[in-house]
Amino acid sequence: MAEKILIGRNDKIDLPKLDLYDLDAKIDTGAFTSAIHYHHAEIVERDGRRVLHFTLLDPTHPDYNGKSFYFEQFEEREIKNSFGDSEKRFIITTVIHMFGKDFITEFSLSNRGNLKFPILLGRKLLKKGFVVDVAHHNLSFKSKQKKNKIS
């Protein structure tokens with residue numbers, strides 16, 4: 001059995017395929033799917049195909065880069081929010097980089113603009129080899145900083 005990676009209550013993560021780095025993420029063992037804050041999302045036709053067009057974060061967020069993304073591979077799924085209400089959300093799959101490793105995971109596009117953390121990491125990602133200890137925070141980010149100092 002592979003050794004589990006210790007993760008704290010929150011961390012800073014990288015989404016290299018989305019050109020977003022050191023984003024604040026809350027670890028949430030109560031959430032099944034991970035979520036990311038989006039500014040705009042719509043299904044458009046591009047080259048005769050239905051694609052999801054979206055931007056992440058919003059102009060008031062310090063890491064907002066205004067980039068538009070087009071995903072041909074996406075789903076629409078009913079997701080229960082923290083209040084227990086179901087809402088239809090777009091689901092994308094992308095790479096998350098933490099602890100020097102890449103993990104492929106799903107994110108639901110969610111309006112998290114009024115919340116402290118633009119990203120929520122749920123059980124679907126955490127079951128890939130993490131154990132949560134809420135006494136810690138930013139363990140991946142601290143490891144990255146330490147590695148960058150050595151390099």
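A residue is termed buried under 20% relative accessible area, exposed over 50% and partly exposed in between (1.4 Å probe, protein chains only). The model is predicted: local features need pLDDT of at least 70 and side-chain atom pairs pLDDT 80 or more, while totals for chains, interfaces and linings use all residues. Residues are numbered from 1 along each chain as its sequence is written, and side-chain values use heavy atoms, without hydrogens or water.

**Figure 1. Arginine 112 is a buried residue without a salt bridge.** A salt bridge places a side-chain nitrogen of Lys or Arg within 4 Å of a carboxyl oxygen of Asp or Glu. For charge, Lys and Arg are positive, Asp and Glu negative, and His and the chain ends are not counted. The nearest side chain of opposite charge to arginine 112 is aspartate 28, at 6.6 Å. Arginine 112 is located in the loop between β9 and β10 (119-121); strands (E, at least two residues) and helices (H or I, at least four) are DSSP runs numbered from the N terminus. Apart from neighbours within four places in sequence, arginine 112 is in contact (heavy atoms within 4.5 Å) with Ala35, Ile36, His37, Phe117, Pro118, Ile119 and Leu120.

**Figure 2. Strand β3 pairs with β2 and with β10.** Pairing requires at least two bridges found by DSSP between two strands. The β2 and β3 pair is antiparallel over five bridges, and isoleucine 13 stands opposite leucine 23 in β3. These two strands make a hairpin with four residues between them, where aspartate 19 in the turn has a positive phi of about 55°. Strands β3 and β10 run parallel and are joined by three bridges, with isoleucine 27 opposite leucine 121 in β10.

Figure 3. The structure holds ten salt bridges. Glutamate 76 is partly exposed at 38%, whereas arginine 50 is exposed at 54%. Arginine 77 is partly exposed at 22% relative accessibility, while glutamate 106 is buried at 14%. Salt bridges link Glu75, Arg77, Glu106 and Lys124 in a network.

**Figure 4. Serine 108 is buried in strand β9.** Its relative accessibility is 1%. Not counting residues up to four places away in sequence, serine 108 touches Thr33, Ser34, Ala35, Ile36, Arg89, Phe90 and Ile91. Lysine 147 is 39 residues from serine 108 in sequence and 31 Å from it in space, C-alpha to C-alpha.

**Figure 5. Aromatic rings form five pairs.** Rings of Phe, Tyr and Trp (its six-membered ring) pair with centres within 6.5 Å; planes under 30 degrees apart are stacked, over 60 edge-to-face and the rest tilted. Phenylalanine 74 and phenylalanine 90 have ring centres 6.1 Å apart and planes at 70°, so this pair is edge-to-face. Phenylalanine 74 is in the loop between β6 (68-71) and β7, and phenylalanine 90 is in strand β8 (residues 86-98), 16 residues apart. Phenylalanine 90 is buried at 16% relative accessibility. For phenylalanine 99 and phenylalanine 130, the ring centres are 6.1 Å apart and the planes lie at 50°, so the pair is tilted. Phenylalanine 99 is in the loop between β8 and β9 and phenylalanine 130 in strand β11 (residues 130-132), so the pair ties together parts that are 31 residues apart in sequence. Phenylalanine 99 and phenylalanine 130 are both buried. Phe54, Phe69 and Phe71 are linked into a cluster by ring pairs.
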